[in-house]
Structures are given as C-alpha cells and as structure tokens.
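Trainee: I would like to work through this structure by question and answer. May we begin once the sequence and structure are shown?

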Amino acid sequence: MADTSDTRTPAQIEADIKRRREVLAETLDEIGVRVHPKTIVGDAKAKVVSNIDHTLGRAYVGVNKAVTDVKAQFVDEDGAPRLERVIPVALVAVGLVGLLALGARRRKG
C-alpha cells in the first residue's frame, strides 16, 4: 500500500492551496483573454496581414527579377544601351501611341 501520511502542517497545506488557487486564477485569466472575441479577431487580422506581407514580398522579388531580366535585354554588361534592341522597341511604342491617337481622334469626329 502507498504511504498516505502527510508530514506537512495545516499552515503549509493552506499555503499550498493558496498557491494553487493563484496559479489556477492566472491560468483562467489567460484562457479568458485568449478566447475573448477581440483577441481572436486581432489574432486573425495579424495572421492575414502576415500572409499578405509574405505574398507581397514574394511578388516584389518576382517583379524585381522580371525587371532585371528585361533590363538585361536592353543594356549590356557595361551599362550601355543595346541600340539593336532599343530602337525597334521604341519604334513599335511610337507606332502604338500613334494608332491610339488616330483611333481616339476618329471616335470624336
């Protein structure tokens, strides 16, 4: 059989009970805060913001890589423009702007 004798004094037992009650009260307070609707909403908002930040960070890296790749197509290693690629793109851009201007003018008239 197990020894069930307690060598603590009644004052020690009361002190242990008081300590346990304080720990339980803290635990219940913490649970109350965690399950409070404002806390739950705040945690959900923080999680959404974190996910958005992560997504935006990944998008920024992707866009930055794309810009770097495009820049490499139009600039050589020394930083000078590659005219054999810049001039045709500029001509196409001017042509598109001209077509859009003509189309807008025809609609008005």
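Trainee: How far does helix 3 reach from its first C-alpha to its last?

Mentor: This is a predicted model, in which local features need pLDDT of at least 70, side-chain atom pairs count only at pLDDT 80 or more, and totals for chains, interfaces and linings use all residues. Residues are numbered from 1 along each chain as its sequence is written, and side-chain values use heavy atoms, with hydrogens and water left out. Helices are DSSP runs of H or I with at least four residues, strands are runs of E with at least two, and both are numbered from the N terminus. Helix 3 covers residues 83-108, and for its 26 residues about 38 Å is expected at 1.5 Å a residue, the rule being 1.5 Å times one less than the number of residues; the model comes close to this, at 37 Å.

Trainee: How many residues of helix 3 are buried?

Mentor: Buried means under 20% relative accessible area, exposed over 50%, and partly exposed in between (1.4 Å probe, protein chains only). Helix 3 is hardly covered, and among its 26 residues the buried count is zero.

Trainee: In what order do the elements of the protein chain run?

Mentor: The protein chain holds three helices and zero strands. Read from the N terminus, the order is α-α-α.

Trainee: What radius of gyration does the protein chain have?

Mentor: The radius is taken over C-alpha atoms, and the globule rule is 2.2 Å times the number of residues to the power 0.38. The C-alpha trace spans about 100 × 45 × 25 Å along its principal axes. A compact globule of 109 residues would have a radius near 13 Å, whereas the protein chain has 36 Å.

Trainee: Is Glu-77 buried or exposed?

Mentor: Glu-77 meets Arg-82 in a salt bridge of 3.7 Å, N to O. With a relative accessible area of 73%, Glu-77 is exposed.

Notes
Salt bridge = Lys/Arg side-chain N within 4 Å of Asp/Glu carboxyl O.
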